[in-house]
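Visitor: Can you walk me through this one? Let's start with the terms.

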Amino acid sequence: MKYLSLIIILAGAYLAVPLQFGGNDYVIGIVVSALTIAGIAVAWAMLGNLGGMISFGHSAFFGVGAYGSALLAMNAGLPVFPSILAGGVIAGVVSILTMPTLRLRGPYFALAMLAFAEIFRILAIEMRWLTNGSGGLLSIPRLPTVFGFDFGSRLGGYFVVLTLVLLTVFVYWLIRNRPEGLALRAMHDSEDATLVVGVNATRLKAAVLVVSAFLTGIMGAFNAHYINFLEPDYAFNGSWTTLAIVAAIFGGYKTLWGPVAGALIVYLVDQFVFKAIMPSGHQLILGGLLAAIVIFSPSGLLPWLASRFRKEAGDAAHP
């Protein structure tokens, strides 16, 4: 039943959505933005759920991946898809610079990561010889045409980002179900207890940070080739982190699909519903909705729906 539901969802994502909205570039563009946030939200949730580390600085990895991929494609002539992968690798490597923050816990780690994001933004502005500073990078190579299909179109970008999000979820699932994932979750509950049984907590936390940075960097790299323009205030904007956090918490960051569902619901409802009701300040409604979820279902929307479904199924089985 679980796999059947997954197949239906994937069929809808790859077939029904393009058939229904493929001719509407505006709608597809909004969905692409929501999926971009979903990919970051999954990477953020991986770090928070498995490593127990709440980061306010994932925009650093998003921006580094975006600039790394764009510069490789523009200056080194690397094809776009390999450049996107390389952008993720660069973000993962750069995350090593943030390793000293692993000594910190709780809000101190979160604020230290936020500081790193600001440092990278300033570096992108000041390193004009490489990034063109505040002038940004123009005419970044677009996603290519492969076998006659233009991935640089809105619909082509949708297929690319959807695949990237699914691969991100798969990596999250793979790590969570390995022995290292069990150790990470145990460490999240009690790091001192895992140290007693010989788990190298620092090494595991470093590994999950690199993977999370890599996945976030890939989303940034995709975004750079999708919009074909970059500048520091956009690439390292804190909203890439805050929207991902909101999406992950709203959907349920301790679940596999919660961050994806949260990103789609939060962003699409905000753009298509709340924005129509309140064109200016529509984020206030979104904030109120998030507050309601946190108060009435701290574990997120998907766990709440699952518990309601089980309750109704139990009531139906025992009238």
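Guide: Buried means under 20% relative accessible area, exposed over 50%, and partly exposed in between, with a 1.4 Å probe and protein chains only. F272 is partly exposed, with a relative accessible area of 36%.

Visitor: What kind of model is it, and how are residues numbered?
Guide: This is a predicted model: local features need pLDDT of at least 70, side-chain atom pairs count only at pLDDT 80 or more, and totals for chains, interfaces and linings use all residues. Residues are numbered from 1 along each chain as its sequence is written, and side-chain values use heavy atoms, with hydrogens and water left out.

Visitor: How many helices and strands?
Guide: The protein has 15 helices and four strands. These are DSSP runs numbered from the N terminus: helices are H or I with at least four residues, strands E with at least two.

Visitor: What share of the residues is buried?
Guide: Of the 319 residues, 46% are buried.

Visitor: And the contacts between residues at least 6 apart in sequence? What percentage join residues at least 24 apart?
Guide: That is 76%. Contact means heavy atoms within 4.5 Å.

Visitor: Back to F272. Which ring does it pair with?
Guide: Y26. The ring centres are 6.3 Å apart and the planes sit at 75°, so the pair is edge-to-face. Rings of Phe, Tyr and Trp (its six-membered ring) pair if their centres lie within 6.5 Å; planes under 30 degrees apart are stacked, over 60 edge-to-face, and the rest tilted.

Visitor: Where do Y26 and F272 lie?
Guide: Y26 is in helix 2 and F272 in helix 13, so the pair ties together parts 246 residues apart in sequence.

Visitor: How many aromatic pairs in the whole structure?
Guide: Twelve. There is also an aromatic cluster, formed by Y14, F81, F149, F151, Y158 and F159.

Visitor: Helix packing next. How do helix 2 and helix 10 cross?
Guide: Helix 2 (residues 25-50) and helix 10 (residues 201-227) cross at roughly 170°, and their axes come within 8 Å. That makes helix 2 roughly antiparallel to helix 10. Axes are lines fitted to C-alpha atoms, for helices over the stretch in contact, and angles run from 0 to 180 degrees between N-to-C directions. Under 35 degrees is roughly parallel, over 145 roughly antiparallel, 65 to 115 roughly perpendicular, and the rest oblique.

Visitor: What classes of residue make that contact of helix 2 with helix 10?
Guide: The contact has 15 nonpolar, six polar and no charged residues. Ala, Val, Leu, Ile, Met, Phe, Trp, Tyr, Cys and Pro count as nonpolar, Asp, Glu, Lys and Arg as charged, and the others, Gly among them, as polar.

Visitor: And helix 13 with helix 14? What is the angle?
Guide: About 130°, with the axes 9 Å apart. The two helices are therefore oblique to each other. Helix 13 contributes V266, D270, F274 and I277, and helix 14 contributes Q283, I285, L286 and L289. By class, that contact has six nonpolar, one polar and one charged residues.

Visitor: New topic. What about phi at N132 and F147?
Guide: Most residues other than glycine have a negative phi. N132 has a positive phi of about 65°, and F147 has a positive phi of about 50°.

Visitor: Where is F147, and is it buried or exposed?
Guide: F147 is in the loop between strand 2 (145-146) and strand 3 (149-150). At 89% relative accessibility, F147 counts as exposed.

Visitor: And N132? Which loop?
Guide: The loop between helix 6 (128-131) and strand 1 (137-138). N132 is partly exposed, at 44%.
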